[in-house]
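Hi,

Here is the structure I promised to pass on. Have a look at it first, then read my notes below.

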Amino acid sequence: MAIKLIAIDMDGTLLDPNHTITPAVKQAIHDAQQKGVYVVLTTGRSYIGVQKHLHELNLHNEHNFCITSNGALVQKAMTGECISQETLSFADYLELEALARNLGVHFHAIDFDCLYTANQNVSKYTLHEVALTGIPMKRRAVSEMNTTSRFPKLMMVDEHEILDNAIARIPADVHKRFTFVKSAAHFLEILNKQANKGAGVKILAEHLGIAQENVMALGDQANDSEMIHYAGIGVAMGNAIAELKKIAQYTTHSNAEDVVAHAIKKYVLN
């Protein structure tokens, strides 16, 4: 089974606990590229939040792609041009912002350029998202929002006990119409029902003419489950949640141990 596409989650997988890419991981990704393998950053972050790392890994060129917003967008790495997009409407924003207020959790919305919050007391987890990804934040009352906006994702964010309590109270009919997935203990991401990382990887693989069995995916959280399930080789990090380890074919080291380098050497370079 020759791997031709590697889909790599970023936070908790590609990035070590200090949010950096180690020299060993950089070298392994370089070696895979030299072998003609597509290396695709596949993340919950927006395009703005991956550009620095695309440059760092020499993936910011016309031959490469990235999958952002948990699979809602499949984009050309160099320009951000979408080859596929499954977004949410302004009506979806209104419904889900009101639901978050009723559930008593913080909420923010992310379009193609900015993060917006109507919360008067901005959540520290919203501020963490801004600091981590570099996306600009704008405080906007619901009445001030652009009614033509499309959103790759919306997010409920809060202390994990508060958030988990809110998740348990989301109505069943709302669950049926949107994709809800936790990307971390404090983050619930809300997507178009057709959007997830597995769907994004499948779209890109088919676009490139790469068979499912020639795809490897690496991840650590619930939002990685669909791509781990889709890939010919699905690899869970040692620091992954238990549910992901159950569906992965392989579990490897933690992201503090050059895990991406180990996986690429084992399943791609060897």
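Predicted model: local features only at pLDDT ≥ 70, side-chain atom pairs only at ≥ 80, totals over all residues.

Strands β2 (residues 38-42) and β3 (residues 65-68) run parallel and are joined by two bridges, with T42 standing opposite I67 in β3. When I say strand or helix, I mean DSSP runs numbered from the N terminus: E for strands, at least two residues, and H or I for helices, at least four residues. Two strands count as paired if DSSP finds at least two bridges between them.

Residues are numbered from 1 along each chain as its sequence is written, and side-chain values use heavy atoms, with hydrogens and water left out.

Back to the sheet. β2 and β3 sit in an open sheet of eight strands with mixed pairing, in the order β5-β4-β3-β2-β1-β12-β13-β14. Its edge strands are β5 (82-85) and β14 (250-251), each pairing on one side only. Helix α7 (residues 197-208) packs on this sheet and touches β1 (5-8), β2, β3, β4 (73-76), β5 and β12 (215-219); the direction of α7 makes about 160 degrees with that of β3. Contact here means heavy atoms within 4.5 Å. The axes are lines fitted to C-alpha atoms, for helices over the stretch in contact, and angles run from 0 to 180 degrees between N-to-C directions. Helix α10 (residues 259-269) lies across β1, β12, β13 (233-236) and β14, running at about 160 degrees to β12.

At the β5 end, β4 and β5 run antiparallel and are joined by three bridges; V74 has S84 in β5 as its bridge partner. These two strands form a hairpin with five residues between them, and G80 in the turn has a positive phi of about 85 degrees.

Have a look at N214 too, in the loop between α7 and β12. N214 is buried, at a relative accessible area of 13% (buried is under 20%, exposed over 50%, partly exposed in between, with a 1.4 Å probe and protein chains only). Leaving aside residues up to four places away in sequence, N214 touches M1, A2, I3, K4 and L5. The C-alpha atoms of N214 and A231 are separated by 7.7 Å, and the two residues are 17 apart along the chain.

There is another sheet to look at. Six strands form an open sheet with mixed pairing, in the order β8-β7-β6-β9-β11-β10. β8 (137-139) and β10 stand at the edges with a single partner strand each, so one side of each has no neighbour in the sheet. The twist averages 25 degrees from one strand to the next. Six bridges join β10 to β11, and the two run antiparallel; V181 has E189 in β11 as its bridge partner. Helix α4 lies across β6 (106-110), β7 (115-117), β8, β9 (153-157) and β11, at about 135 degrees to β9.

In β7 you will find T117, which counts as buried at 2% relative accessibility. Not counting residues up to four places away in sequence, T117 touches F107, H108, V122, M137, K138, R139 and R140.

Now the phi values. Most residues other than glycine have a negative phi. H19, with a positive phi near 65 degrees, lies in the loop between β1 and α1 (23-34) and counts as partly exposed at 42% relative accessibility. N70 also is not a glycine and has a positive phi, of about 60 degrees. N70 is found in the loop between β3 and β4 and is buried, with a relative accessible area of 1%.

Cheers
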